[in-house]
Amino acid sequence: MKGVIMQNFFKILFSVILYFSMISYGLTQENIEDKESMVEVRQNAMQAMWSRLDRLSTLIAQPGDVVTSSDGSDIVIGSENKSEPIEYYTLIHGKDPSQDAQEIYNLLSQVENFWPDNTTIYHVEYTNAEQLVWLIPEAFKRYYTDSIIASENLNKSFESQDEAKIKRSVCMLALSCGRCHGAFRKVKFDNLRLEGRGWTGNYETCWSYRNEITLNSSAIRE
Ligand code: HEC
């Protein structure tokens, strides 16, 4: 009699343990998928921003620069090029630059909150976000807002149709990406090779604006 009770007791205990361990396995699985997809979504959004910024850089291209057109061919900007940047952009890429600027704004807004504590390198090994994102979140947030405002300003500059203003706004946006990456994103050789100037926002036309930001960091939002 005692033996049968013990036997049943162990059976029930075993089932209970199995039941709870399955639940907790399920939960951690879900958790892993959750944080991994967060990193993937933010990386994909960043890639999408970069391809748009790279196109927008046609607006600040200098003679001798190479831009890739919508059909994939490389075009060298000639020294005799007298066309307006927007006209030139539309000619090469077959679309309106304000679409790219608007989409960068949308992408930035979409992944603004995709940086929870459980998505650091200790939780998701393939993230290239520096630990600093979580150590000094205020600074990260400030740089992020800089970039959002810079993308809004670029949209406004298209409405103004003021060529100098448009160039400055493209540069401010590119510099806002580069400034954040300089502090918060790990540098890997692969990044540099694939993304070139897009990664740092380091375009020749933008050097003077870079100095402006060095002297007054809020210039990036103007
Ligand atoms: C406030 C900070 C911040 C701003 C602003 C920012 N980025 Fe990033 N970016 C990051 C961080 C951090 C990562 C690394 C993300 C990861 O690996 O989890 C990253 C990753 C990337 C990547 C690589 C994505 C991949 O596949 O690994 C590209 C490309 C990129 N950013 C482009 C841009 C462009 C273009 C802009 C501006 C329009 C921009 N970023 C604005 C912080 C920023």
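Some ground rules. Residues are numbered from 1 along each chain as its sequence is written. In this predicted model, local features need pLDDT of at least 70, side-chain atom pairs count only at pLDDT 80 or more, and totals for chains, interfaces and linings use all residues.

Start with the ligand. Of the 26 residues around it, Met46, Asn128, Ser147, Cys177 and Cys180 come nearest. A residue is near if its C-beta atom, placed from the backbone, lies within 6 Å. Which helix gives the largest share of the shell? Helix 1, with 8 residues. Helices here are DSSP runs (H or I, at least four residues), numbered from the N terminus. Helix 1 (2–56), helix 5 (137–160) and helix 6 (163–184) each supply at least two shell residues.

Now the packing. Two packed helices are described by the angle between their axes and the distance between the axes. Axes are lines fitted to C-alpha atoms over the stretch in contact, and angles run from 0 to 180 degrees between N-to-C directions.

Take helix 5 and helix 6. Their axes come within 8 Å and cross at roughly 165 degrees. That makes the pair roughly antiparallel, a term for angles over 145 degrees.

Next, helix 6 and helix 9 (residues 207–215). They pack at about 60 degrees, axes 9 Å apart. Helix 6 brings Arg168, Cys171, Met172 and Leu175 to the contact, and helix 9 brings Tyr209, Arg210 and Ile213. Contact means C-beta atoms, placed from the backbone, within 7 Å.

Conventions. Contact = placed C-beta atoms within 7 Å. Parallel < 35°, antiparallel > 145°, perpendicular 65-115°, else oblique.
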